[in-house]
Amino acid sequence: MINEVIEKKLNNNQDFTIMYMDIDKFKAYTDYYGFFKSDAVLRFMSNIIKNNVSKYGSTKDFMGHPGGDDFVIICEDKEIAKKVGNKIVEEFDAGISDYYSEEDRKNGYISTLSRDGEIKKFPICTLSIISITNESNKYSTANELFKEMMHKKNEAKDFSGSIMLQS
C-alpha cells in the first residue's frame with residue numbers, strides 16, 4: 001500500500017514529504033525484554049504517530065507500518081511533516097524510558113547479546129526519522145525514493161540520540 005501511494009503521487013506530479021521512522025536498538029530491546037513488552041513499544045509508537053497526524057496533519061496524510069519497528073507517514077505539506085516529525089521525536093523521547101525497568105533506566109542501558117554474539121551495552125532506544133520531499137528532487141519511482149531514504153537512514157544511525165534528518 002505504501003508503494004502504491006507513493007507511485008500514485010509521483011505519477012500525478014504531486015509534491016509530498018515522506019517520513020520513514022525507525023526505532024534504534026529495538027532488536028536488542030526485544031531480545032532483552034521479549035515480544036510482549038516490545039509489542040507495547042510498537043503500540044506506543046503507533047499511538048504517537050496517530051495522535052500527532054490527527055492533531056497537526058490533514059485527512060489526506062497517509063500512515064503506514066511496513067513491519068517491525070518501521071513506520072511511514074506521507075504528508076502533502078512539508079511544514080506539517082516537519083512539525084509532526086519533531087513532535088513524534090519529542091514524545092517518543094519523553095515516554096520510551098517508561099518501557100524499561102527502574103534499574104535499566106538508572107543505568108541508561110541494557111546488556112544483552114549483540115548480532116555478533118557478544119554481550120554488549122545498548123542505550124535506551126532512540127528514534128530516527130528520515131524526512132524526504134520530492135519538491136526539489138524529482139524521483140521517477142518509489143524505489144528511487146526508498147534508496148535515498150536508506151542512504152539517509154545510515155546517516156541517522158550514526159547519531160547518538162533521536163534525530164529527524166530532512167532532505
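**A walk through the predicted model**

Glu-135 has a relative accessibility of 33% and therefore counts as partly exposed.

With which side chain does Glu-135 meet in a salt bridge? The partner is Lys-78, at 3.3 Å from N to O. Glu-135 sits in the loop between strand E6, residues 126–133, and helix H6, residues 142–157, while Lys-78 belongs to helix H4, so this pair ties together parts that are 57 residues apart in sequence. Lys-78 is partly exposed too, its relative accessible area being 38%.

The count of salt bridges comes to seven. Another of them joins the side chains of Lys-9 and Glu-76, with 3.4 Å from N to O. Here Lys-9 comes from helix H1, residues 2–11, and Glu-76 from the loop between strand E3, residues 70–75, and helix H4, residues 78–95, so parts 67 residues apart in sequence are tied together. Is Lys-9 buried or exposed? At 7% relative accessibility, Lys-9 counts as buried, whereas Glu-76, at 32%, counts as partly exposed. A further salt bridge is formed by Asp-116 and Lys-120, whose closest N and O atoms are 3.3 Å apart. Asp-116 is partly exposed at 47% relative accessibility, and Lys-120 is partly exposed at 35%.

Which strands pair with E3? E1 and E3 run antiparallel and are joined by six bridges, and within this pairing Ile-18 has Ile-74 as its bridge partner. Strand E2, residues 62–67, also runs antiparallel to E3, with four bridges between them. In that pairing, Phe-62 stands opposite Ile-74. E2 and E3 form a hairpin with two residues between the strands, and Gly-68 takes a positive phi near 55° there.

Elsewhere, E6 pairs with strand E7, residues 163–166, in the parallel sense over four bridges. Ser-131 stands opposite Gln-166 of E7. What is the handedness of the β-α-β unit made by E6, H6 and E7? The unit is left-handed.

Next, the interior. In soluble globular proteins, nonpolar side chains tend to be buried together. In this model the largest nonpolar core has 31 residues, of which Met-21 and Ile-88 touch the most other members. The elements giving two or more residues to this core are strand E1 (17–24), helix H2 (26–33), helix H3 (35–56), E3, H4 and E6. Which of these gives the most? H3 does, with seven residues. Setting aside neighbours within four places in sequence, Met-21 is in contact with a list of residues including Met-45, Ile-49, Phe-71, Ile-73, Ile-88, Leu-127 and Ile-129. Apart from this core lies another, of 18 residues, among them Phe-16, Ile-18, Ala-142 and Ala-156.

My last topic is the aromatic rings. How many aromatic pairs does the structure hold? There are seven. One of them is the edge-to-face pair of Tyr-33 and Tyr-100, with 5.6 Å centre to centre and 90° between the planes. This pair links distant parts of the chain, since Tyr-33 is in helix H2 and Tyr-100 in the loop between H4 and helix H5 (102–107), 67 residues apart. Both partners are buried: Tyr-33 has a relative accessible area of 18%, and Tyr-100 has one of 3%.

Phe-44 and Tyr-99 form a tilted pair, 5.0 Å centre to centre, with 45° between the planes. This pair likewise links distant parts of the chain: Phe-44 lies in helix H3 and Tyr-99 in the loop between H4 and H5, 55 residues apart. Phe-44 is buried, with a relative accessible area of 14%. Finally, Tyr-33 and Tyr-100 belong to one aromatic cluster together with Phe-26, Tyr-29 and Tyr-32.

Thank you for your attention.

Key. Residues are numbered from 1 along each chain as its sequence is written. This is a predicted model: local features need pLDDT of at least 70, side-chain atom pairs count only at pLDDT 80 or more; totals for chains, interfaces and linings use all residues. Side-chain values use heavy atoms; hydrogens and water are left out. A salt bridge is a side-chain nitrogen of Lys or Arg within 4 Å of a carboxyl oxygen of Asp or Glu. Buried means under 20% relative accessible area, exposed over 50%, partly exposed in between (1.4 Å probe, protein chains only). A nonpolar core is a set of buried Ala, Val, Leu, Ile, Met, Phe, Trp, Tyr and Cys residues joined through side-chain atoms within 4.5 Å. Contact means heavy atoms within 4.5 Å. Two strands pair if DSSP finds at least two bridges between them. A crossover is right-handed if, with the strands pointing away from the viewer, the path from the first strand over the helix to the second runs clockwise. Rings of Phe, Tyr and Trp (its six-membered ring) pair if their centres lie within 6.5 Å; planes under 30 degrees apart count as stacked, over 60 as edge-to-face and the rest as tilted.
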